[in-house]
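Biologist: Please take a close look at one part of this model, the place where the two chains meet. I would like one connected account in plain words.

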Amino acid sequence: MTQDSDYIQIQSLLDGELSAGDADKMRLEISENPEWKNVLDELKWTSEIVRSNETCRILPVDTEFYWLQIARGIGPVGIVQPADSHKESTVSMPLVWLKRCLQLGAAVLLFAGIMMFLDQKNEPRNAIAFGDTEAILNEFGELEIPEGNSSFLIQSPDNEMTVVWIDYQMDSME
Amino acid sequence: MTVNVDYESEDDQTLVKSAQKGDTSAFQELVNRHKDKIYGRAFSMLRNEEDALDVSQEAWIKAWQRLYQFHGNASFVTWMTRITINLCLDFLRKKKRRQIDSFEQINEESGGVERQLPPVIVNPTAGLERAELREKIDLALEKLSYEHRTVMVLHEFEEMEYKQIAKHMECSIGTVMSRLFYARRKMAVLLTGLRKESSLK
């Protein structure tokens, strides 16, 4: 009686898995046994029909969508750029920083300029100590001091200012 | 200055080398080029569109992570297919653990119902429409248990030897031989109508 193990040996012959000696022996037995011949034919037919009709399947989703899922799976490593674009980015970085520094410097200079202007405007033209006659003369130009009197008059057309100082002596008042 | 590379005109080997340096655009071109083949292989083993999509995408991710291991001994698509097959097998093993053994699987070692069937006399199928033929074969493959289908796919489509299949499926060569035999017998039974149809023409 034929066992499945015999059939499996027939299959091994079909798949080229037997040694040369065993293969010859099996071929001889098959030629003498119609049932074995049928088994061999059936196995051969099945194998050929499956092989020759492998279905070519088309991806059922959009390629871009399919790739996006893969790209997400690849993660941060996948964001590594090609060598050329990487080189491009390293060259442009100093330029970016230089531009930023120049902008910052310009802003600082502008601010300093404004501060200096405001400071100059608020600053008294000259800090003149009270009683410093020479300085007053230099600054305001005109100073009249009547003789025998401690009164004086200061006129400053630049500052649109006139100061009159009268020192009345109490003796004369009396 | 950015250099525009025409990836479509590059061969697989060049694209792999670029991808190994971190060029994702080169890798994307490889995906575009072989996506159908990889998806198709996953589908032939898993018989489920969604699972095949997930596993094939996982295969591409794994390939990217292991690109440094690819030295070009085999073609890129062969290497990719092996990764896909291994992931499919892992997927099926996990799935099987979650399922109750089916009647088909219990009968696997004894050969199942087809053991009792007499050998079928076969005839060529020259007259059949190719699309119809494919559909019938596809349906027949779907009816196999995952062990039988996997061994069939690996042997018939990937042309693996028994030894290689045994390694992939983590079983003995004897088990591979047995599974392949019963897978073929069952396919022959499932395609009986096809044989009769073709023999009449």
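Modeller: B:Arg184 and A:Asp15 form a salt bridge, with their closest N and O atoms 2.9 Å apart. B:Arg184 belongs to helix 9 of chain B, while A:Asp15 sits in the loop between helix 1 (4–14) and helix 2 (20–32) of chain A, so the pair joins two chains. B:Arg184 and A:Asp15 are both buried. Keep in mind that this is a predicted model.

The neighbour in sequence also takes part. B:Arg185 lies in helix 9 of chain B and A:Glu42 in helix 3 (residues 34–52) of chain A, so this pair too joins two chains. The side chains of B:Arg185 and A:Glu42 meet in a salt bridge at 2.7 Å, N to O. B:Arg185 is buried, and A:Glu42 is buried as well.

A further salt bridge brings together the side chains of B:Glu156 and A:Arg51, at 2.7 Å from N to O. This pair crosses between the chains, from helix 7 of chain B, which holds B:Glu156, to helix 3 of chain A, which holds A:Arg51. A:Arg51 has a relative accessible area of 35%, so it counts as partly exposed, between the cut-offs of 20% and 50%.

Some of these residues belong to a network of salt bridges, which links A:Asp15, A:Arg51, B:Glu156, B:Glu159 and B:Arg184. Over all chains the structure holds 17 salt bridges, and 5 salt bridges are found across the interface of chain B and chain A.

Now the interface as a whole. Between chain B and chain A, 15 residue pairs are in polar contact, counting pairs with both residues at pLDDT 80 or more. On the side of chain B that touches chain A, at least two residues each come from helix 2 (24–46), helix 3 (49–65), helix 6 (130–142), helix 7 (146–157), helix 9 (173–190) and helix 10 (192–200) of chain B. Helix 2 of chain B gives the most to that side, with 11 residues. By type, the residues of the side of chain B that touches chain A are 29 nonpolar, 12 polar and 17 charged.

In total, 58 residues of chain B and 46 residues of chain A take part in the contact. The size of an interface is often given as the accessible area lost when the parts come together. Between chain B and chain A the buried area is about 4,800 Å², and carbon and sulfur atoms give 61% of that area.

At its start, a side-chain oxygen of B:Asn48 comes to within 3.0 Å of the backbone nitrogen of B:Glu50. The 17 residues of helix 3 of chain B should span 24 Å at 1.5 Å a residue, and the end C-alpha atoms are 24 Å apart, which agrees. The buried residues of helix 3 of chain B include B:Leu53, B:Val55, B:Trp60, B:Ile61 and B:Trp64. What covers the buried residues of helix 3 of chain B comes from both chains, including helix 4 (63–74) of chain A and helix 1 (12–20), helix 2 and helix 4 (76–97) of chain B.

Notes:
Residues are numbered from 1 along each chain as its sequence is written. Chains are lettered from A and ligands numbered from 1 in the order in which they are written. This is a predicted model: local features need pLDDT of at least 70, side-chain atom pairs count only at pLDDT 80 or more; totals for chains, interfaces and linings use all residues. Side-chain values use heavy atoms; hydrogens and water are left out. Contact means heavy atoms within 4.5 Å. Buried area is the accessible area (1.4 Å probe) that two parts lose on being put together, summed over both. A salt bridge is a side-chain nitrogen of Lys or Arg within 4 Å of a carboxyl oxygen of Asp or Glu. A polar contact is a pair of N or O atoms within 3.5 Å; within protein, one must be able to donate a hydrogen and the other to accept it, and residues adjacent in sequence count only if both atoms are side-chain atoms. Helices (H or I, at least four residues) and strands (E, at least two) are DSSP runs, numbered from the N terminus. Ala, Val, Leu, Ile, Met, Phe, Trp, Tyr, Cys and Pro count as nonpolar, Asp, Glu, Lys and Arg as charged, and the others, Gly among them, as polar. The expected span of a helix is 1.5 Å times one less than its number of residues. Buried means under 20% relative accessible area, exposed over 50%, partly exposed in between (1.4 Å probe, protein chains only).
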